[in-house]
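Keep the structure in view as you read.

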Amino acid sequence: MAKCDEGYLCSVCGGDVENITQSDLYLRFVIGMVDPELLHAQPEKHIRCNPTLAQFIVAEDFEPVIVDDDFAKSKLDPEHVKEREDLVSRGWARLKEIPSLGEVSILEFPLPEAIEKMKSRES
Ligand SMILES: [Zn+2]
């Protein structure tokens with residue numbers, strides 16, 4: 001396997017993260033949790049291999065992820081959970097759009113508010 005292929009293996013289960021719509025790293029990037037300059041320095045994971053975040057994806061085409069430890073959303077503040085679900089679900093929808101965007105800069109992947117956040121950090 002070519003050297004550049006390394007880093008696309010899930011750091012949790014060791015399986016291939018075959019495309020961007022399975023990528024926890026890119027999901028966190030589009031919702032503004034990962035700085036673009038850190039994107040390639042962080043370990044890749046499947047979305048479902050990071051249940052603490054994946055539990056907030058509420059979508060018809062996403063089989064719900066259930067967490068039963070202290071980070072379970074059933075144990076969190078409902079207001080916080082609602083905000084989280086809104087953000088992460090929109091991030092997931094955005095992630096699915098990315099393969100059809102064509103040749104756009106990676107800096108245009110994130111949600112509008114995440115891009116705003118990135119810009120305000122730069123200045
Ligand atoms: Zn995995």
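Start with the outward side of helix H3. The face turned away from the buried side of H3 carries exposed residues: Pro-78, Glu-79, Lys-82, Glu-83, Asp-86 and Glu-97. Keep in mind that this is a predicted model.

Now turn to the other side. Which residues of H3 are buried? They are Val-88, Gly-91, Trp-92 and Leu-95. These four cover an arc of only 100° around the axis, which puts them on the same side of H3. An α-helix has 3.6 residues a turn, so residues three or four places apart point the same way.

How far does H3 reach from its first C-alpha to its last? The helix spans residues 78-97, which makes 20 residues. Its reach is 29 Å, close to the 28 Å expected at 1.5 Å a residue.

What do the buried residues of H3 pack against? Their partners are helix H1 (24-30) and helix H2 (51-54).

The largest nonpolar core has 16 residues. Within this core, Tyr-26, Leu-27, Val-30 and Val-88 touch the most other members. H1, H2 and H3 are the elements that give two or more residues to this core. H1 supplies the largest share, five residues. In soluble globular proteins, nonpolar side chains tend to be buried together.

Leaving out residues up to four places away in sequence, Tyr-26 touches Ile-20 and Leu-95. Leu-95 is one of the buried residues of H3.

Next, find Asn-19. It sits in the segment before H1. Is Asn-19 buried or exposed? Asn-19 counts as exposed, because it has 12 C-beta neighbours inside 10 Å, and a residue with 12 or fewer is exposed. Asn-19 and Pro-99 lie 80 residues apart in sequence. In space, their C-alpha atoms are 8.9 Å apart.

Finally, step back to the whole protein. Its secondary structure comes to four helices and zero strands. From the N terminus on, the order is α-α-α-α. The radius of gyration is 15 Å, close to the 14 Å that the globule rule gives for 123 residues, so the protein is as compact as a globular protein of that length. Along the principal axes, the C-alpha atoms fill a box of roughly 40 × 40 × 25 Å. Of the 123 residues, 21% count as buried. Take the contacts between residues at least 6 apart in sequence: 63% of them join residues at least 24 apart.

Technical notes
Residues are numbered from 1 along each chain as its sequence is written. This is a predicted model: local features need pLDDT of at least 70, side-chain atom pairs count only at pLDDT 80 or more; totals for chains, interfaces and linings use all residues. The expected span of a helix is 1.5 Å times one less than its number of residues. A residue is buried if 20 or more other C-beta atoms lie within 10 Å of its own, exposed if 12 or fewer, and partly exposed in between; C-beta atoms are placed from the backbone. The arc is that of the directions from the helix axis to the C-beta atoms. Two residues are in contact if their C-beta atoms, placed from the backbone, lie within 7 Å. A nonpolar core is a set of buried Ala, Val, Leu, Ile, Met, Phe, Trp, Tyr and Cys residues joined through C-beta atoms within 7 Å. The radius of gyration is taken over C-alpha atoms; the globule rule is 2.2 Å times the number of residues to the power 0.38.
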